[in-house]
Amino acid sequence: MSKEPKNYSKRPVETFNKWRSLFQIIVCKFFYMIRLKLVYRLKVEGLENVPKDNAYIVCPNHLSTLDPPLVAAVMPRRVSFMAKKELFDIRFLRWWIDWLGAFAVNRESLGPSTIKTVMNIKKSKWVFGIFPQGTRGEVGVIENISKGFAGLAKITKCSVLPVGITGTNEVKRIPFSGQIIVKIGKPIPYSDDTEEVVSQWIAQIQELTGFKYLEAENKVS
């Protein structure tokens with residue numbers, strides 16, 4: 001009988017254990033932090049805005065593949081990010097992001113397994129992280145916002161923590177040649193009004209990054 005493939009979408013509470021916590025700490029808070037401090041002169045503002053509990057969803061803007069480990073490096077708690085399911089088809093990458101606490105998701109449809117996993121993250125000592133833009137955006141603009149993050153916040157009764165990131169789009173290797181600034185905004189309280197949550201997130205991200213929100217109908221092709 002063939003072995004049933006592991007489900008990387010529906011993750012039980014036990015997934016977010018001390019071993020994955022230790023792995024994320026070593027990889028992000030130690031190894032990545034060395035690079036972030038030495039090469040990118042990382043600056044973090046607003047840590048006092050982070051809630052003491054884990055009833056919040058971390059919602060940064062998205063510029064590069066460096067963003068997830070960066071956020072995990074600066075946040076007080078371990079962060080579990082969504083990752084597109086196709087990444088879990090690559091053997092080594094699957095192992096790497098699995099141990100970093102990520103879980104698979106179909107970007108076209110946030111199914112019941114996604115909601116269950118986010119609920120399980122809340123039951124653990126971790127926090128859930130999601131990029132409302134879905135994919136990496138252009139520098140200077142905030143666009144292609146998916147409202148799914150506000151829906152998940154509503155379902156899980158979590159606040160939304162806006163995180164503004166600038167500088168990760170520039171690949172640097174020479175010490176002190178880059179500049180990354182992370183600004184953590186004020187938590188957006190839990191609300192049944194998802195439109196208002198999205199609106200508040202956009203407003204705060206614009207203020208935190210200096211980027212301008214670009215509505216789909218106003219985008220120049």
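Reader: Which element gives the most to the lining of the largest cavity, and with how many residues?

Author: Helix α4 does, with three residues. Note that this is a predicted model. β2 (56-60), α4 (112-123) and β5 (127-129) each supply at least two residues of that lining.

Reader: Which residues line the largest cavity?

Author: N54, Y56, I57, V118, I121, K122, W126, V127, F128, T156 and C158. The cavity has a volume of about 50 Å³. By class, its lining has eight nonpolar, two polar and one charged residues.

Reader: What makes a space a cavity, and what makes it a pocket?

Author: A cavity is a set of points where a 1.4 Å probe fits but cannot get out, whereas a pocket is an open set. The structure holds two cavities of 30 Å³ or more.

Reader: How much space lies in the second largest cavity, and what lines it?

Author: About 30 Å³ of space lies there. The lining consists of A150, A153, K154, C158, V160, I188, P189, Y190, S191 and V197. Its largest share, three residues, comes from α5.

Reader: How do the residues of that lining divide by class?

Author: Eight are nonpolar, one is polar and one is charged.

Reader: Which residues of α5 are called buried?

Author: G148, F149, A150, L152, A153 and T156. Buried means under 20% relative accessible area, so each of these residues falls under that cut-off.

Reader: What covers the buried residues of α5?

Author: The cover includes β2, β3, α4, β5, β7 and α6. In this case contact means heavy atoms within 4.5 Å.

Reader: Why does K157 count as exposed?

Author: Because its relative accessibility is 53%, and exposed means over 50%.

Reader: Where else does a residue other than glycine have a positive phi?

Author: At R41, where phi is near 50°. R41 lies in the loop between α1 and β1 (43-45).

Reader: Why is R41 called partly exposed?

Author: Its relative accessibility is 38%. Partly exposed covers values between the 20% cut-off for buried and the 50% cut-off for exposed. R41 therefore counts as partly exposed.

Reader: On to α1. How do you know that its span is close to the expected one?

Author: α1 has 21 residues and reaches 28 Å from its first C-alpha to its last. The expected span is 1.5 Å times one less than the number of residues.

Reader: What is the angle of the kink in α1, and where is it centred?

Author: The kink is about 35° and is centred on Y32. The bend at a residue is the angle between axes fitted to the seven residues ending there and the seven starting there.

Reader: Which residues of α1 are buried, and what do they pack against?

Author: R20, S21, F23, Q24, V27, C28, M33 and L36 are buried. The buried residues of α1 pack against α2, β3 and α3.

Reader: Now the pockets. What is the volume of the largest one, and how many residues line it?

Author: The volume is about 1100 Å³. The pocket is lined by 40 residues, of which H62, P68, M82, A83 and F131 lie nearest its centre.

Reader: Which elements each supply at least two residues of that lining?

Author: α1 (18-38), α2 (67-74), β3 (79-84), α3 (91-99) and α5 (148-156). The largest share, five residues, comes from β3.

Reader: What about the second largest pocket: which residues lie nearest its centre?

Author: N144, I145, Y213, E215 and A216, out of 13 lining residues. About 180 Å³ of space lies in this pocket. Helix α6 (residues 194-209) gives the largest share of the lining, four residues. By class, the lining divides into six nonpolar, two polar and five charged.

Notes. Residues are numbered from 1 along each chain as its sequence is written. This is a predicted model: local features need pLDDT of at least 70, side-chain atom pairs count only at pLDDT 80 or more; totals for chains, interfaces and linings use all residues. Side-chain values use heavy atoms; hydrogens and water are left out. On a 1 Å grid over the protein atoms alone, a cavity is a set of points where a 1.4 Å probe fits but cannot get out, and a pocket is an open set with protein on both sides within 12 Å along at least five of seven lines; lining residues have an atom within 4 Å of a point. Grid points are joined across faces, edges and corners, and a volume is the space filled by probe spheres set on the points. Ala, Val, Leu, Ile, Met, Phe, Trp, Tyr, Cys and Pro count as nonpolar, Asp, Glu, Lys and Arg as charged, and the others, Gly among them, as polar. Buried means under 20% relative accessible area, exposed over 50%, partly exposed in between (1.4 Å probe, protein chains only).
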